[in-house]
Structure formats: C-alpha cells, structure tokens
Amino acid sequence: MENIFFVSMMRSGHHAVLNWYSRNQFQPIRHLNDCRIVSGDIVPDPPNLVMFYNGHINKYLLNESPQAQEEWIGNCHKTIFSFEERDQEYIDEAAKIVHPQRMIYVVRDPLNFIASCLKHAEKYPQVRQKIIDNMEERLAIWKNQALILENKQTTSQCAINFNLWFQYRSYRDNLARNHGFVNQDVGVDEVMLFGKGSSFDGLQYATNATKMNVLSRWEAYQREADFRSFISQELAEISERLFGITYS
C-alpha cells in the first residue's frame with residue numbers, strides 16, 4: 001500500500017488538483033478528506049468523508065454502508081490523506097503513524113487565497129471566525145508551505161504551484177511525469193463539491209472549471225481594508241517571486 005499526503009489550506013484549490021492527480025493514474029485510489037489524528041489513528045473529517053477515484057470515476061462514499069465502501073475501496077493500493085490548515089509539526093506527527101511515501105503540498109498565491117477566504121466568509125458568515133479572524137495564524141502556515149514550494153523538490157517531499165497547474169497543460173504534463181503517470185487531463189474541468197465549490201462561482205462552472213477567473217479574484221478586494229491589512233511586504237514579495245502577481 002502506498003500512502004500519499006496532500007497538504008494545503010482551505011480555499012486553495014487543492015481538491016481540484018487532488019481529483020486530477022488521482023483520476024489520471026487510472027487505478028483505484030482511496031482518499032480520506034481533511035484528516036485529523038484521533039487516538040493515535042488518522043481519520044477523515046466527520047462524518048467519515050472518503051472518496052474513490054479511478055480514471056473517469058470519482059465517487060463520494062459518505063452515504064455508503066461500510067460493506068459498500070469496502071466493495072469500492074477493497075482493491076485500492078494507494079491511499080491519499082489530505083490535510084487542511086495543519087502546521088508542519090502536525091503533519092510530521094501524522095507521518096509517524098502511516099509513513100507516507102510522498103508529501104505533496106498544494107500552494108495558491110496569497111492574494112487570491114486571501115480573497116477567496118474573504119468571499120467565502122461573506123457567503124457563509126459562520127466560518128468567519130475560523131478563516132478570517134485567524135488569518136494571521138493561517139498565513140504563518142501558508143508561508144511555510146510556500147517555502148517548500150520555493151525549495152528544491154524531492155521524491156518524498158514536493159509542492160505544486162496551483163496557479164501554474166491551473167494555467168498550463170505543460171505544467172500538468174511535467175507533474176504527472178514526475179509522479180509516474182501520463183496526464184490525460186481527466187477531471188481538470190470539474191469543480192469539486194468540497195467546501196461548496198468555488199467561493200466566487202459556487203458550482204456554476206461545475207464542468208468547465210478552466211473558464212473560471214481564479215487568478216484575478218484579488219482585484220475585487222484590492223482596495224478593501226480587511227484585504228490590505230493581511231498583505232505584508234513579505235507576502236507581496238512572495239506573490240511576485242513565486243506566482244508572478246504584483247500587489248499594488
């Protein structure tokens with residue numbers, strides 16, 4: 001059994017990347033979503049959200065009986081554990097439990113990441129405390145993930161630039177090659193149901209995701225005080241250096 005960690009932040013686009021990564025391997029893969037450590041074990045977010053992927057199939061197993069779930073995932077030789085909002089210490093503790101062969105970090109540029117969080121909190125005020133009031137702590141975790149993206153990649157620890165993944169087939173082709181499969185872009189146009197889809201468009205582009213304007217969301221917020229208060233000089237420099245987006 002091969003275990004893979006996907007590590008990212010909420011509103012980062014990582015579910016789209018994970019869907020693409022799993023589907024294009026054309027083999028049965030199990031995904032435990034938004035994992036946490038409970039009593040020395042790793043479990044998916046309540047109420048036990050497990051996904052199954054295989055080529056042109058992706059299926060939510062949330063409402064399936066344990067017997068039906070086993071029928072779907074019984075032949076899976078890869079398990080993906082995704083983690084959201086977790087610092088590196090937490091990820092390292094989880095790694096001691098299941099010993100992943102790969103840790104993959106998905107990193108979105110800070111400007112659009114923050115803008116999507118603000119938009120999501122506007123639509124769903126109940127999440128504001130979690131994703132806006134704690135933004136400084138969240139950005140500290142994000143910066144660590146951005147550092148991993150900037151550093152030399154290895155087989156066991158690597159990072160995916162969400163912006164480049166979204167924009168360029170050639171980037172996705174190279175990623176697939178580096179991870180041992182051939183990219184056929186299966187699922188790249190799908191918007192996942194996790195987190196109610198896009199913060200800005202919901203599920204409007206459910207089968208046409210590449211048409212979404214995800215790389216310029218921040219422009220709608222660039223003059224708003226909340227948004228500007230989160231953009232430090234360091235964040236602006238990272239945005240330009242790693243993602244080519246200049247903050248002004």
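**Exercise 1.** Work out which residue forms a salt bridge with Asp 34, and where Asp 34 falls on the buried-to-exposed scale.

*Solution.* Start with the pair: in this predicted model, Asp 34 bridges to Arg 36, with 3.3 Å between the closest N and O atoms. Next, check accessibility. Asp 34 sits at 13% relative accessibility, so it counts as buried. Arg 36 comes out at 23%, so this one is partly exposed.

**Exercise 2.** Find the salt-bridge partner of Glu 85 and say which parts of the chain the pair links.

*Solution.* The partner is Arg 138, and the closest N and O atoms are 2.6 Å apart. Now place the two ends: Glu 85 is in the loop between β7 and α3, while Arg 138 is in helix α6, 53 residues apart, so distant parts of the chain get linked. Then look at burial, where the cut-off is under 20%.

**Exercise 3.** Decide how the buried residues of α6 are arranged around the helix.

*Solution.* First get the helix: α6 covers residues 135-150 and reaches 22 Å from its first C-alpha to its last. Then list its buried residues, among them Arg 138, Trp 142 and Leu 149.

**Exercise 4.** Describe the lining of the second largest pocket.

*Solution.* The pocket holds about 230 Å³ of space. Its lining includes Leu 149, Tyr 171 and His 179. By element, α8 gives the largest share, four residues. By class, count five nonpolar, six polar and one charged.

Technical notes
Residues are numbered from 1 along each chain as its sequence is written. This is a predicted model: local features need pLDDT of at least 70, side-chain atom pairs count only at pLDDT 80 or more; totals for chains, interfaces and linings use all residues. Side-chain values use heavy atoms; hydrogens and water are left out. The expected span of a helix is 1.5 Å times one less than its number of residues. Buried means under 20% relative accessible area, exposed over 50%, partly exposed in between (1.4 Å probe, protein chains only). The arc is that of the directions from the helix axis to the C-beta atoms. On a 1 Å grid over the protein atoms alone, a cavity is a set of points where a 1.4 Å probe fits but cannot get out, and a pocket is an open set with protein on both sides within 12 Å along at least five of seven lines; lining residues have an atom within 4 Å of a point. Grid points are joined across faces, edges and corners, and a volume is the space filled by probe spheres set on the points. Ala, Val, Leu, Ile, Met, Phe, Trp, Tyr, Cys and Pro count as nonpolar, Asp, Glu, Lys and Arg as charged, and the others, Gly among them, as polar. A salt bridge is a side-chain nitrogen of Lys or Arg within 4 Å of a carboxyl oxygen of Asp or Glu.
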